[in-house]
Number of protein chains: 2
Amino acid sequence: MQYELTEEFLEKVKDAIDAQNDAFLKSSFDEMYAEDILPILYELDSHRQKHILNLLDSETVGRIITNIDKDTRLQLFKEFEPKEIARFINEIYSDDAADILNTLPIKSREEIIAHMEDKEMAGHVSELLRYDDDCAGGLMAKELIIARVDWNVKQTIEEIRRQAENVEKLYTIYVVDQNDVLLGRLSLKKIILANDKTKISELYEDDIHSVETYMDSQEVGELMQKYDLESIPVVNVQGKLVGRITIDDAVDVLKESAAEDINAMTGISVAVEEDDTVWKLSRARLPWLIIGMFGGLLGATFMGLFEPQLILVPAMAFFIPLITATGGNVGVQSSSLIVQSLANNDGFEESNLKRLWRVSLVALLNGFVICSIVFVFVMVIGHPPKLGLVVASALFCVVLLASILGTITPLILDKIGINPALASGPFITTANDLLGLAVYFGVAHLLYLS
Amino acid sequence: MQYELTEEFLEKVKDAIDAQNDAFLKSSFDEMYAEDILPILYELDSHRQKHILNLLDSETVGRIITNIDKDTRLQLFKEFEPKEIARFINEIYSDDAADILNTLPIKSREEIIAHMEDKEMAGHVSELLRYDDDCAGGLMAKELIIARVDWNVKQTIEEIRRQAENVEKLYTIYVVDQNDVLLGRLSLKKIILANDKTKISELYEDDIHSVETYMDSQEVGELMQKYDLESIPVVNVQGKLVGRITIDDAVDVLKESAAEDINAMTGISVAVEEDDTVWKLSRARLPWLIIGMFGGLLGATFMGLFEPQLILVPAMAFFIPLITATGGNVGVQSSSLIVQSLANNDGFEESNLKRLWRVSLVALLNGFVICSIVFVFVMVIGHPPKLGLVVASALFCVVLLASILGTITPLILDKIGINPALASGPFITTANDLLGLAVYFGVAHLLYLS
């Protein structure tokens, strides 16, 4: 069912475009989904891309321009007149249309809207452009099936027939009063099972979830996921129904935020993809590397203070990577557990004291196991027991402190409104490196060199 | 719209249960969603939980036992007779029912199925129990609305009315032939817009996605997300329609696999939550810590070979954390970019050589920036230029090698069927630590001490 893409097919497509062999192209693409045509388009220049789009039906073109990568779309749109773009935009949902227009310069945006034949759609899109990307208003679409509470089933079915022209996928029928204030929803099932004369007021369900236009996108996504909603109505501050958000948009929001978390954890400062330009990739990665570098230089300066001790016991240097790496691993584990727990938080929050208590118990247990092995090892390879004691007890403190730091940092970040996933990133690793060094040389100073 | 949970309310609930004040409980829970009752249940013992469930309507109880944590459910079920559980199970979708029964011992599973009043549902559940959790068959539900291709619209509407009893949410109508072989789907919109006499064969869309029962769950989820499908039909090897998977189940699969990736990246070996027992958390975290520890010990042994050099230039030790941390950061960044790119892979794969080439360019660029800063710093704080040269050139090699290692490792893991996210975890950090040390002392040996 899915199309397997081959280099051979791609070559045939290129040749067919250059030879104007539209019959071959048409028959090839006719049976393909927009999502499968996309990867082929990515391999072509915008001139050839245009040639293919001109052969496709408008619905497929609509899906393609909705799903295509932003930069490619901007390039491609240069090949078309505003009027042609308006025709594509007419074919897609109002929310996707607004998202696309949002990426264009204001001038072309206005031109395209002015050329749209469906004036109702043009109005919808203009309205949606007013909302920020990261709120419910920016996610919603205007395509809705609405029934008035004072209608009966027959009137409603007639109205559904009329409205269904604009709505390809029928989700739910929303019920409103005379002032368009959202009252509830009606399942198609109830409509189908009910008598023609039955009043909507007797059928509809008033106990429904809705969100206001200004609600944060991520919260909308989490809400929809929590209550397993396929769509959710959006109301304005007066309670009037203004749009609906469907699960596919909510899924995209959740996916994006997961990708952001992973970037935060791995120290990549802006959203990049592996196939972005070298320059963009480099800039996205450099900031955290430089922070890590300064951490390392700070550590070097700190150790400089202990140069006399290092000259006395050079073997101390051997265990520096063990100490810093273990601190880093423990810190990342702890913070990622807290981050996940913050993300899934529903219900009673645990008190932070209880959290710390449990984290400390885990650290004591794991610290004990690791330190025992390390202590034995240090002696087995012939170092004096005192060095084993220094390494093992420093390691024990590091495991405990890194656990606590890894637990507290995301909680604090979350409290002050910063993405807590940053706490599992290079920042915590750098902090733990420094902490580990301080503890190691501190313990050594106390136990060994005093 | 969402219920705010307070300690005060919880106390009131507990008191009401103990005082058998069912009127208060009923009125409190009546207006709450199952998802909001759950966190309250988690704070109660199973005896009190049972008291509340007995007061709720069966639909809410159905949603509660579907969404409740597995361990809590097992505990709770001990309070009920198989017959009572069968009544709850009757209220939920067949896929959720099978998932729940799958967590029970075979004996109670059979008892509950035997007590189910709806024999069709019992048959469905028994059938679903045959499938593995991680394939399409294990995700699908049996509730479907089916139309035969030789019916007309009127017959179909009558059939929808009959079948809709079992299907709360109406997704799509699936069209089959006389042998139940899936032919296509029909939107409700088309049914509503068409004439009563129109044949289904003229209306249905034959160009649809479907999956076979044995398809991997994650692939199903990715497919549904790629093509924005709300539901997908499942067929057996003969092409017969046997069930459907809805987007909410697919979202759960994708969410779980994202959590697994994060665990792999942070070195947590089994799925745990922050509020699991200390013992469970400790066991989940220990394996990777021990691997990291052995890495550290190996590093210590390796550095032991360079003891004479360290005695000569103790300042070399100062820059060990800088080298290992930078290697770790670069490696994690590189591998996470590859992991994300593997996950989003649609279309032409880039050749690995091209990947490595670009990664190396980025590494050269970033390596140059970092090493210049480090070189200046080392001299500014008063070390000899030769040490600065050793540190800077070792760092440069580490950045380059860690980038390449971070790129190759996930590609290899993916090739041999291991979750590539493991490559962003403690394993790569440990490997990079060792690599960093080897390079640092190697370069020092060449440039400085020879």
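The same surface serves both copies, as 100% of the contact residues of chain A recur in chain B.

The model is predicted: local features need pLDDT of at least 70, side-chain atom pairs count only at pLDDT 80 or more, and totals for chains, interfaces and linings use all residues. Residues are numbered from 1 along each chain as its sequence is written, while chains are lettered from A and ligands numbered from 1 in the order in which they are written.

Chain A is assigned domain 1 (7–132), domain 2 (145–255) and domain 3 (278–447), with bounds from an automatic or database domain assignment. The centres of domain 1 and domain 2 of chain A, taken over C-alpha atoms, are 30 Å apart.

Chain A and chain B each give 99 residues to the contact, which requires C-beta atoms, placed from the backbone, within 7 Å. On the side of chain A that touches chain B, helix α17 (residues 278–304) of chain A supplies the largest share, 18 residues. Helices (H or I, at least four residues) and strands (E, at least two) are DSSP runs, numbered from the N terminus.

In chain B, strand β5 (residues 231–235) runs antiparallel to β6(B), joined by five bridges; strands pair if DSSP finds at least two bridges between them. B:Val235 has B:Leu241 of β6(B) as its bridge partner.

Note on methods: Contact = placed C-beta atoms within 7 Å.
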